[in-house]
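Subject: Structure for you to look at

Hello,

Here is the structure I promised. Please open it and keep it beside this email while you read.

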Amino acid sequence: MAKEHKGNFEYQIKTHPRAKRVTMRVNAPEGLVIVVPKGFSKDKIAEIIEEKRSWIEKALYRVLPASSREDISGPRENFFSPAFGRNLELDRNDARGSLRLLAVENITPLAWKISGETGLRPEKFTIKNQKSVWGSCSTKNNINLNQKLLFLEPWLVRYVILHELCHLRHRNHSAGFWNFLAELDPRCLSHRKEIKEAQRKVPHWAY
Ligand SMILES: [Zn+2]
């Protein structure tokens with residue numbers, strides 16, 4: 001996707017066939033993304049950016065320090081994992097591959113432990129390097145967990161695991177789902193809010 005400049009901001013435009021109006025999002029891997037309905041005239045973008053300028057500036061400010069934290073020489077030999085409260089060793093030549101292994105060694109057993117505590121049992125947990133989700137639950141009861149959870153705090157990792165486990169009972173995000181999740185994680189709504197901002201905690205080299 002080509003990046004475009006207008007009104008000082010670098011951004012991407014994505015067309016969404018079901019979008020009813022223009023929406024914007026800002027996150028670490030993508031920067032500013034403007035989602036427009038099909039057939040939307042791109043001439044109007046500059047105006048919209050002007051209107052939302054202060055929101056965009058704030059959102060970029062929150063995200064950009066994380067990208068500038070990136071070590072230009074790439075990952076170091078180890079990194080601190082808040083999720084597990086210790087340094088984990090990394091193979092610099094295959095950073096993403098070794099993140100996957102570390103997640104298999106650390107996150108998968110944790111997920112099974114939480115599964116055991118709750119009695120909610122998936123077919124399997126698979127660690128993936130997902131781009132935009134922290135976890136997902138398939139109709140075959142397979143739960144995928146994002147290896148970048150290694151960079152988040154333990155309560156957020158737990159939240160994501162519990163969230164996906166609850167999808168074994170409720171396939172949607174209905175009130176029933178949230179009530180069920182709240183029984184297991186009483187702070188789930190605040191965790192849900194926190195996780196939306198969590199991508200900025202992940203270093204660029206991990207993507
Ligand atoms: Zn969900």
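pLDDT is the predictor's confidence in each residue, from 0 to 100. You need that term here, as this is a predicted model.

Confidence comes first. The chain has an average pLDDT of 87. A score of at least 70 is reached by 89% of the residues. Two stretches need care. Over residues 1-7, pLDDT stays under 50. Where pLDDT is low, the predicted coordinates should not be read in detail.

Now find helix H4, residues 154-166. Start with its packing on helix H5, residues 175-184. The angle is about 135°, and the axes are 10 Å apart. H4 is therefore oblique to H5. The crossing of H4 past H5 is right-handed. Which residues meet there? On the H4 side, they are Leu162, His163 and Cys166. On the H5 side, they are Phe177, Phe180, Leu181 and Leu184. By class, this contact has 6 nonpolar residues, 1 polar and no charged ones.

H4 also packs with helix H6, residues 188-196. Here the angle is about 105°, with the axes 10 Å apart. So H4 is roughly perpendicular to H6. Trp155, Leu156, Tyr159 and Val160 in H4 meet Cys188, His191, Glu194 and Ile195 in H6. The classes in this contact are 6 nonpolar, 1 polar and 1 charged.

Best wishes

Terms used:
Residues numbered from 1 in each chain as written. Predicted model: local features only at pLDDT ≥ 70, side-chain atom pairs only at ≥ 80, totals over all residues. Axes fitted to C-alpha atoms, helices over the stretch in contact; angles between N-to-C directions. Helix = DSSP H or I, 4+ residues; strand = E, 2+ residues; numbered from the N terminus. Parallel < 35°, antiparallel > 145°, perpendicular 65-115°, else oblique. Left-handed = near helix turned anticlockwise from the far one by under 90°. Contact = placed C-beta atoms within 7 Å. Nonpolar A, V, L, I, M, F, W, Y, C, P; charged D, E, K, R; others polar.
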